[in-house]
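Colleague: I'm new to reading protein models. Could you walk me through this one, feature by feature?

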Amino acid sequence: MEKSSGKKNTAVLISGRGSNLKSLIKYSKTKKSLIRIVLVVSDKFNAKGLNYANKSKIDNIVIKYSNRKNFEDRLLKLLKRNNVDLICLAGFMKIISSNFIKKFYKPILNIHPSLLPKYKGLNTHNRVIQNKDKYSGATVHYVNDKLDSGKVILQKKVKVLKSDDVRSLEKKVLKIEHEIYPKAIIKLLASD
Ligand code: GRF
């Protein structure tokens, strides 16, 4: 941890659009931010989110995912070199191994577009609509060795209207995601 400012060195892992990365960068630039984003890692060369890292002059790198072991070995080295204390998964589409979690030994967070434990995995909005649920939402949780199953840090609900389709629900939930990811980090770190 960077002692002079007390901010946690944070790495954000992405695979695509990067709208959650954008919201985390925005938060990290606020005066009271508890994190400093020192690294953005993508497993995809064409991840749009890399543009947000570049715009804000945050070190970023693509680690090609040939296999899990190679990827995670390279990632661990990079995290060490950058003194990373916190990992935020933000639309990172690969599963992280329990070996990696053990070796990193510091918090890893993820954001998921449903009210976990409901709708782990993909296509959450579609399943919510098919099941005619009245509410959906987003969850920030710790990453453990089971998919979308770690302890919940923060959750927020949105109402699902009869008129909602996958697109409109995704939009609503994404707005909530951008709000709760920074809040979850504050909740986690404020007591440190
Ligand atoms: C978000 O819905 C997030 O909850 C899920 O993947 C999506 C990523 O979106 N894990 P973005 O890349 O942050 O825009």
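Modeller: Let's start with what pairing means: two strands pair if DSSP finds at least two bridges between them. Keep in mind that we're looking at a predicted model. Here, S1 and strand S4 (residues 86–89) pair in the parallel sense over four bridges. Within that pairing, leucine 13 stands opposite leucine 89 in S4.

Colleague: What order do the strands of the open sheet have?

Modeller: Read across the sheet and you get S3-S2-S1-S4-S5-S6-S7, seven strands with mixed pairing. At the edges sit strand S3 (60–62) and strand S7 (152–159), each pairing on one side only. From one strand to the next, the twist averages 20°.

Colleague: Which strands does H6 lie across?

Modeller: H6 lies across S1, S2, S4, S5, S6 and S7, and it runs at about 155° to S7. Now look at H1: this helix lies across S1, strand S2 (35–42), S4 and S5. Its direction is about 155° to S2.

Colleague: Okay, on to charges. How many salt bridges does a search of the whole structure find?

Modeller: The general idea is that side chains of opposite charge can pair when their charged atoms come close. In this model, the search turns up nine salt bridges. Take one of them: the side chains of glutamate 170 and arginine 17 meet at 3.2 Å, N to O. Glutamate 170 lies in helix H6, while arginine 17 is in the loop between strand S1 (8–14) and helix H1 (19–28), so this pair ties together parts that are 153 residues apart in sequence.

Colleague: Are those two side chains buried, exposed or partly exposed?

Modeller: Buried means under 20% relative accessible area and exposed means over 50%, with partly exposed in between. Glutamate 170 has 28%, so it is partly exposed. Arginine 17 has 47%, so it is partly exposed too.

Colleague: What does lysine 118 form a salt bridge with?

Modeller: Its partner is aspartate 133, with the closest N and O atoms 3.2 Å apart. Lysine 118 is in the loop between strand S5 (108–112) and helix H5 (124–130), and aspartate 133 is in the loop between H5 and strand S6 (135–142), so the pair ties together parts that are 15 residues apart in sequence. Lysine 118 is partly exposed because its relative accessible area is 45%. Aspartate 133 has 14%, so that residue counts as buried.

Colleague: And which side chain meets aspartate 164 in a salt bridge?

Modeller: That's lysine 172, at 2.5 Å from N to O. Try the cut-offs again: aspartate 164 is buried because its relative accessible area is 11%. Lysine 172 is at 26%, so it counts as partly exposed. Elsewhere, salt bridges that share partners join Asp43, Lys44 and Lys94 into one network.

Colleague: Let's finish with one residue. Where does glutamate 179 lie?

Modeller: Glutamate 179 lies in helix H6, which covers residues 166–189. With 29% relative accessibility, glutamate 179 counts as partly exposed. Its side chain is joined to that of lysine 156 by a polar contact of 2.6 Å.

Colleague: How far apart are glutamate 179 and alanine 138 in sequence and in space?

Modeller: In sequence, glutamate 179 and alanine 138 are 41 residues apart. In space, they are 9.9 Å apart, C-alpha to C-alpha.

Notes
Residues are numbered from 1 along each chain as its sequence is written. This is a predicted model: local features need pLDDT of at least 70, side-chain atom pairs count only at pLDDT 80 or more; totals for chains, interfaces and linings use all residues. Side-chain values use heavy atoms; hydrogens and water are left out. Helices (H or I, at least four residues) and strands (E, at least two) are DSSP runs, numbered from the N terminus. Buried means under 20% relative accessible area, exposed over 50%, partly exposed in between (1.4 Å probe, protein chains only). A polar contact is a pair of N or O atoms within 3.5 Å; within protein, one must be able to donate a hydrogen and the other to accept it, and residues adjacent in sequence count only if both atoms are side-chain atoms. A salt bridge is a side-chain nitrogen of Lys or Arg within 4 Å of a carboxyl oxygen of Asp or Glu. Axes are lines fitted to C-alpha atoms, for helices over the stretch in contact, and angles run from 0 to 180 degrees between N-to-C directions. Contact means heavy atoms within 4.5 Å.
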